[in-house]
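Subject: Structure handover

Hello,

Here is the structure I promised to pass on. Please open it alongside this note and follow the residues as they come up.

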Amino acid sequence: MQDINYNHLRYFWQVAHDGNLTRTAQRLNLSQSAVSVQIRKLEDRLGHALFERRGRQLVLTEAGRIALDHADTIFGAGQDLMAVLARTGTPRQVLRVGALATLSRNFQIEFLRPLLGQPDIELVLRSGTLSELMSGLETLGLDVVLTSRVPAPDAMSRFIVHALSDQPVSVVGTPARVAGAADLRDLLAAHPVIVPTVETPLRAGFDMLCARLGVEPVLAAEVDDIAMMRLLAREDIGLAVLPPIAVKNELASGMLTEAAHDIGLSETFHAVTIRRQFPNPLLARLLASEV
């Protein structure tokens, strides 16, 4: 199989971003036909049309949108390569952060706080499943992944896991719900509960706690997103089992309150990186601030 011609890809990439063949040709000081030939050769190589004409406009086909996504990654990586190896870079530094979709937004903000508001720093934030994020880390599309679930250890893995914070987990609810229960068993028996989904370590710990107390809680909701658990607790559909950091603003305002009972559960937040010859220098600042 022949390799792709990156000159052809670059012409396509520039036309796709300009949205106009004539404009690109003028900017490159080439004829329209010359640019068209380069794009046609790329289409022949890929076996798909990348543009379709609608009147005088060029519109990306589905294959064209896929090709543009890859071209953005390829040429963006080339620019990063020149910046990193030359140590000249651009006036703005970029840190690409992936976070488990279910992770507390408040925790993410606290981790990133040393870089927030810096005029020369751009943060690119992505969320997804653990497998998606680990893949992004391996392909260097991400510099760090924030997660409460660490990847399984592997003898061939290049992942490095940094434990950042061990957050206690509480039962949280509106003041009216939390007040008056003599003990934890009475509290959980008296109110519906908002819990994480069954595949999470936190849910397993909560189920064991209920079994130990002899309580069969009524589940108001099973949720795979801490941000949604926070909103449901605010709507007062039940008590929520989550780290207080996830609802720190609501706790501070008095909208929600923590039950005084220690449930003996915690959630550990991690930063996962990968061994790299040229690690992102911004990352060292964040990890150092967590020590």
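T197 counts as buried because its relative accessibility is 14%, under the 20% limit. Please keep in mind that this is a predicted model.

Where does T197 sit? It is in the loop that runs between β7 (193-196) and α9 (201-213). Beyond its neighbours within four places in sequence, T197 is in contact with R203, E222, V223 and D224.

**The cavity**

One cavity of 30 Å³ or more turned up. The largest cavity holds about 150 Å³ of space. Its lining is made of 19 residues, and T102, P196, T200, I226 and E267 are the closest to its centre.

Which elements each supply at least two residues of that lining? They are α9, α10 (226-234), β9 (239-242) and β11 (265-274). By type, the lining of the largest cavity splits into 10 nonpolar, five polar and four charged residues.

**The nonpolar cores**

In soluble globular proteins, nonpolar side chains tend to be buried together. Here, the largest nonpolar core has 20 residues. Inside this core, L95, F111, L146, L164 and A271 have the most contacts. Two or more residues come from each of β3 (93-100), α5 (105-112), β5 (144-147), β11 and α12 (281-289). Note that β11 also supplies at least two residues of the cavity lining.

Take L95 as a way in. Setting aside residues up to four places away in sequence, L95 touches L115, E122, L123, V124, D143, N280, L282, L283 and L286.

Another core lies apart from the largest one. This other core has 18 residues, including V178, L188, A259 and L265.

**I263**

I263 is in the loop between β10 (257-258) and β11. Is I263 buried or exposed? It counts as buried, because its relative accessibility is 3%. Leaving out neighbours within four places in sequence, I263 is in contact with V169, S170, V171, L184, L209 and V241. G205 is 58 residues away from I263 along the chain. The C-alpha atoms of I263 and G205 are separated by 9.6 Å.

The structure holds three aromatic pairs. One of them is formed by F12 and F51. How are these two rings arranged? The pair is tilted, at 5.4 Å centre to centre and with 55° between the planes. It links distant parts of the chain. F12 belongs to helix α1 (residues 6-18), F51 belongs to strand β1 (residues 51-54), and the two are 39 residues apart.

Both partners are tucked away from the surface by the numbers. F12 has 0% relative accessibility, so it counts as buried. F51 has 13%, so it counts as buried too.

Q14 lies in helix α1 as well. Its relative accessible area is 15%, so Q14 is buried. Not counting residues up to four places away in sequence, Q14 touches T24, R27 and L28.

**Loops to look at**

Most residues other than glycine have a negative phi. Two residues here go the other way.

N29 is not a glycine, yet it has a positive phi of about 60°. Its place is the loop between α2 (21-27) and α3 (32-46). N29 is exposed because its relative accessible area is 71%.

D236 is a residue other than glycine, and its phi is positive, near 65°. You will find D236 in the loop between α10 and β9. What does its relative accessibility of 32% make it? D236 counts as partly exposed.

G47 lies in the loop between α3 and β1. With 56% relative accessibility, G47 counts as exposed.

Best wishes

Methods. Residues numbered from 1 in each chain as written. Predicted model: local features only at pLDDT ≥ 70, side-chain atom pairs only at ≥ 80, totals over all residues. Heavy atoms only, no water. Helix = DSSP H or I, 4+ residues; strand = E, 2+ residues; numbered from the N terminus. Buried < 20%, exposed > 50% of the residue type's maximum accessible area, 1.4 Å probe, protein only. Contact = heavy atoms within 4.5 Å. Phe/Tyr/Trp six-rings, centres within 6.5 Å; stacked < 30°, edge-to-face > 60°. 1 Å grid on protein atoms, 1.4 Å probe; cavity = no way out; pocket = protein on both sides within 12 Å on 5 of 7 lines; lining within 4 Å. Points joined across faces, edges and corners; volume = space filled by probe spheres on them. Nonpolar A, V, L, I, M, F, W, Y, C, P; charged D, E, K, R; others polar. Core = buried A, V, L, I, M, F, W, Y, C linked by side-chain atoms within 4.5 Å.
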